[in-house]
Structure formats: structure tokens, C-alpha cells
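Biologist: Thanks for sitting down with me. Could you walk me through this model, starting with how far to trust it?

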Amino acid sequence: MKVYLSVLKLRLGMGMQYRTAALAGVATQFFWGFIMIMVFEAFYEHASSTPPISLKELTQYIWLQQAFLVFVMMWFRDNELFDLITSGNIAYELCRPNGLYGFWYAKLLAQRLSSAILRCFPILIIAYFLPAPYNLEFPHSISAFLLFVSSLFLGLFLLVAISMFLYISVFITLSPMGSLLVFGVLSEFFAGLVIPVPLMPDWLQNIANLLPFRWTADFPFRVYSGNIPEHEAAIGLLVQTAYLFVLIWLGRKALNGVLKKVVVQGG
């Protein structure tokens, strides 16, 4: 465990150095956030029935999505790991005296944490001071805020566990972009990053509720906005935890399986 904590600490320090890239990301996410809010505002003005999530709740949802984008976005990737797998340099990783799954998990977790720390605070602070109805508001209670924080980090751990399957799949496909496209499209859509899950048709919501993706983004953001009541949020934390343990167990099994069959070529 000390090894993985050391990797997490070192990678956090490395990631915190990319401040200029983070500032560029903040500007882009603000621009994109305003576009999404205005699009949904126009949609709500012409809605023939009352949507299952209010415009104010949706505004909170969008700003949180932009602030914590690297927590919930599958497209945020580690090209170094892709190169290790496809070039055969994975042989160096196999010489390490620690488990490969835990080592990679800690590395990927640190990358997302460092990037989020640099980006989230400027977005959150400015969004709080925007004029209504475009501003971000505090949760209605301390308990709702604590449930949000817990669900947000459980969602992060869950997304990293899901992303591990992306890297494991490259051992088989040898196509990082192909694997990324499949995982990226599936996770982004069913996590509610394209259309919030409450606005999907019922049959799509049923599919989204069965998959782990919505628990990484849609669930914590709706807990914050109050669209999901606190008693349901507490149950949701248990569901997130169950998904996390199952996916980590399956990920370890899958990685051990592909490593038994991996062929490293080169001189």
C-alpha cells in the first residue's frame, strides 16, 4: 500500500505543474458550460410538459460537470500506458516488484486528481458569483453537501476502475483509439454528459441505471442539485461501492489473464 500511496503522491506533484494547460481548460469549459445552459434554456422555454429535472437543477448539473470534467470524462487518458502496451515496453513494468493493477490505478487516479484541483476551483468560484439563473448555488443542507462529496469521490474511484478496462482491452486490440472510441462514447452518453439521464426516454434510462457509468457523473451531480433526495443518495452510495469492488475484482482478473498471454517482441 505504501508503494501505491507514494506513486499517488509523486504523480500528483507532477500533474500540478501543468498550470497553463489547466487555465486553458478552464476557459474552454466556461465557454462550453454557457453554451449548454443556453441550449437547455431554449429547450425548456418551448417544452410542452414539465421536465423531470428543473432548469435550475440542470444549471447546477452543468457547472459541476464542467468543474469536475476530468473526474467523469473517459477521454482523459494516459498515452504513456498506451505506448507501453503497443511498443512492448510493458516488459519493464512487469519487472516491478509491485502489482501492476494497483500501480496503474494509483497513477491514473493521481492524474485526474491533479488536473481537477487546478481546474475546479476557478470554475466553481466564478460560477457562484454569476447572476441568476446562471449561477451555481450551495446545496440545501450540509448533509446533502457531504453526500455529494462522498458520491463524487466514489464516482472518481469507479471511473478509474472502468478506465482500467480501456487499457486492458488494448492488450487484445492493440488499437488505443479504437478502444478509446468505444469506451468513450459509451461512458460519456450513459453517464449523462451528453443528455442528463432524467431527460432520456424511459427505456434508455432503464439501460443507464443498469450500467455503472451514470454513477460516476449523473448521480453525484443530481445529489448536489437536490434532484435526488438524501435518503436515495445514501442508498446510491452503497450501489457505487458495490460497483467499485466488483469492477476492481474483475479488472484484476482481466489484467492477470491478458498478462499470461502477452507476447513481447523486440531485440
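Biologist: What is the mean pLDDT of the chain?

Modeller: Good place to begin, since this is a predicted model. Of the residues in the chain, 88% reach a pLDDT of 70 or more. The mean pLDDT of the chain is 83.

Biologist: Where in the chain is confidence lowest?

Modeller: At the other end of the scale, helix 11 (residues 218-225) has the highest confidence, at 93. Where pLDDT is low, the predicted coordinates should not be read in detail. Confidence is lowest, at a mean of 63, in helix 1 (residues 2-15).

Biologist: How many helices and strands are there in the chain?

Modeller: Reading from the N terminus, the elements run α-α-α-α-α-α-α-α-α-α-α-α. The count for the chain is therefore 12 helices and 0 strands.

Biologist: What share of the contacts with a separation of 6 or more comes from residues 24 or more positions apart?

Modeller: As background, 49% of the 267 residues of the chain count as buried. For contacts with a separation of 6 or more, residues 24 or more positions apart account for 79%.

Biologist: Which element gives the largest share of the largest nonpolar core?

Modeller: That core has 79 residues, and F68, F71 and W104 touch the most other members. The largest share, 16 residues, comes from helix 8.

Biologist: Which residues is F71 in contact with, leaving aside its neighbours within four places in sequence?

Modeller: F71 is one of the residues that touch the most other members of the largest nonpolar core. With those neighbours set aside, the contacts of F71 are R112, L113, A116, L152, F153, L156 and L159.

Biologist: Now for the charges: is K107 buried or exposed?

Modeller: Side chains of opposite charge can pair when their charged atoms come close. K107 and E80 meet through their side chains in a salt bridge at 3.2 Å, N to O. The pair links distant parts of the chain, with K107 in helix 7 and E80 in helix 5 (residues 79-87), 27 residues apart. E80 counts as partly exposed at 42% relative accessibility, while K107, at 3%, is buried.

Biologist: Why are R222 and D218 separated by about one helical turn?

Modeller: Both residues sit in helix 11. R222 counts as buried at 13% relative accessibility, and D218 is buried too, at 0%. The separation is about one helical turn because R222 and D218 are 4 residues apart.

Biologist: Turning to the surface, what is the relative accessible area of F129?

Modeller: The chain exposes about 13500 Å², and carbon and sulfur atoms supply 69% of that. F129 belongs to a nonpolar surface patch with I117, F121, I125 and I126, with about 540 Å² of accessible area together. Its place is in the loop between helix 7 (100-128) and helix 8 (142-173). Exposed means over 50%, so F129 counts as exposed, with a relative accessible area of 71%.

Conventions
Residues are numbered from 1 along each chain as its sequence is written. This is a predicted model: local features need pLDDT of at least 70, side-chain atom pairs count only at pLDDT 80 or more; totals for chains, interfaces and linings use all residues. Side-chain values use heavy atoms; hydrogens and water are left out. Helices (H or I, at least four residues) and strands (E, at least two) are DSSP runs, numbered from the N terminus. Buried means under 20% relative accessible area, exposed over 50%, partly exposed in between (1.4 Å probe, protein chains only). Contact means heavy atoms within 4.5 Å. Accessible areas come from the Shrake-Rupley method with a 1.4 Å probe; for residues, only the protein chains shown count as cover. Patches are made of residues with over 30% relative accessible area and no salt bridge: like charges are joined within 9 Å, nonpolar side chains (Val, Leu, Ile, Met, Phe, Trp, Tyr) within 5 Å. A salt bridge is a side-chain nitrogen of Lys or Arg within 4 Å of a carboxyl oxygen of Asp or Glu. pLDDT is the predictor's confidence in each residue, from 0 to 100. A nonpolar core is a set of buried Ala, Val, Leu, Ile, Met, Phe, Trp, Tyr and Cys residues joined through side-chain atoms within 4.5 Å.
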